[in-house]
Amino acid sequence: MHPHAPAPEVRPRRTRRTVRSAVAALALGTVMFTAGAVGLSPGDDGQKPASGPAAPPPARGSIEALRARVKHLPGDAGAWAALGMAYVQQARTLPDPAAYARAEQALDRSLAVQKDGNANAEIAMGALAAARHDFPTALTWARRATTTAPYSSVAYGVLADAYTQLGRYDDSYTAVQRMNDLRPDASALARASYTFELRGDTERARELMQRSLTAAATTGEQSFARVCLSALYLQDGDARGALAQADQGLRTTPGDSALLEARARARTALGDSPGAVRDYEAAIAVVPLPHYLLGLGELQESLGHRAEADTQYALLRAQDAIRRTGNTPADTDAILFEADHGSPARAADMGEESLRTRPFIAVHDAYAWALYQAGRDEQALTQADQALALGTHSALFHYHRAVIRHALGDEAGADDDLRTALRLDPHFHPLHAPAARVLLQQIDTTS
């Protein structure tokens, strides 16, 4: 993907007859490149132009209701597909790999009941594969879904996500444009925002994410948009803007873990460490996601609270042990954690494995850092260059490449990347941002 290739136009929606549908779009995250969820309802075939709100992660009651439905109506393919998707969403919300197995069983049952024309199950299978970081399989299912349901914006959302994570950015932009042509709702606009974010146009990304917020039909969609906007402000070094977005979101949905984590990051950047620690702890109390644990652990380490940091790191290691039992490729947080706080050689192996099925810029960056920490500097630089090939505004990516360039004796290149990182976000990481300033001063002193 060339960084100046055209992005989706996000044209105004054409007037067309629509039918109600409870199919909800899968929404992409921002800086950490995490995925949201797709909601499916029994009986929705996804083959007509659809309109309808996106659904938040399912409550336990909704899963129980779906289980009761399939018990009463075992031949309802749509209900089995909806149950499978609910389990996928549950697994994403809680670190519960067993939910993926339950999802697969339900979706297999749906496809056994209705093998052909089962767009709901095909979409959910794509989402399940993506949640397991098996993006080639996600792409296969997404293609099937868009063939079965050519007017389903949800299917094109899953297709766009698979293309994005496979590094096929031109193809992903085409899918996002098709999604917006079909139904420019909050989820479609969020993906359009992400296409610009990837290429470093954060101003346009914020504009589109603001439109996604305006279009949000549920509190879940509103919260998601606020999290994304907060992250976009942070990418441009505007911690107060990031804090305002998180605060506004929390007024609507107090206790939302993603908004709490967003506010923790903003407070960290503003130097409010006690407030950031409280927010991280509150987010972890809701759900101990790996990036929450890593964020809190590294903040505590930066404050000299080694025992508190080690507590979070121990939880991360336990979660990674569970991941390994399921043979799921490591996410970027796990790779970076292992590179910085564990075995760099093992982190490099994890990065290499993840890259096979997810050649995405964030994986290139994590792999680059692991290779550097393992002493493989030239290979690290190749990966770091690929991480920044789109022009993405990431202070962390630039810092990683700066350190690698410095190790290779490229002082000018290191200086440029360090200045870029600190210009984009002077407080991009509680440990690495101070290290960036020290290294920049060292280069300036010796040059």
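Reader: Which residues in α12 meet which residues in α14?

Author: Happy to show you, with the note that this is a predicted model. From α12 come Ser 257, Ala 258, Glu 261 and Thr 268, and they meet His 291, Tyr 292 and Leu 299 in α14.

Reader: What makes the residues of this contact nonpolar, polar or charged?

Author: They divide into three nonpolar, three polar and one charged. Ala, Leu and Tyr are among the types that count as nonpolar, while Glu is one of those that count as charged.

Reader: Why is α12 called roughly parallel to α14?

Author: The axes of α12 (residues 257–269) and α14 (residues 290–302) cross at roughly 25° and come within 11 Å. Angles under 35 degrees count as roughly parallel, so α12 is roughly parallel to α14. The crossing in which α12 passes α14 is left-handed.

Reader: Let's turn to another helix. Why is Gln 383 called buried?

Author: You will find Gln 383 in helix α19, which covers residues 377–387. Buried means under 20% relative accessible area, and Gln 383 has 11% relative accessibility, so Gln 383 counts as buried.

Reader: Which residues does Gln 383 touch?

Author: Leaving out residues up to four places away in sequence, Gln 383 touches Leu 355, His 364, Tyr 367, Ala 368 and Leu 371.

Reader: And what of the protein chain: how many helices and strands are there?

Author: The protein chain has 22 helices and two strands. Of its 447 residues, 56% count as buried. The accessible surface of the chain is about 17800 Å², with 52% belonging to carbon and sulfur atoms.

Methods: Residues are numbered from 1 along each chain as its sequence is written. This is a predicted model: local features need pLDDT of at least 70, side-chain atom pairs count only at pLDDT 80 or more; totals for chains, interfaces and linings use all residues. Side-chain values use heavy atoms; hydrogens and water are left out. Axes are lines fitted to C-alpha atoms, for helices over the stretch in contact, and angles run from 0 to 180 degrees between N-to-C directions. Helices (H or I, at least four residues) and strands (E, at least two) are DSSP runs, numbered from the N terminus. Angles under 35 degrees count as roughly parallel, over 145 as roughly antiparallel, 65 to 115 as roughly perpendicular and the rest as oblique. A crossing is left-handed if the near helix is turned anticlockwise from the far one by less than a right angle, and right-handed if clockwise. Contact means heavy atoms within 4.5 Å. Buried means under 20% relative accessible area, exposed over 50%, partly exposed in between (1.4 Å probe, protein chains only). Accessible areas come from the Shrake-Rupley method with a 1.4 Å probe; for residues, only the protein chains shown count as cover.
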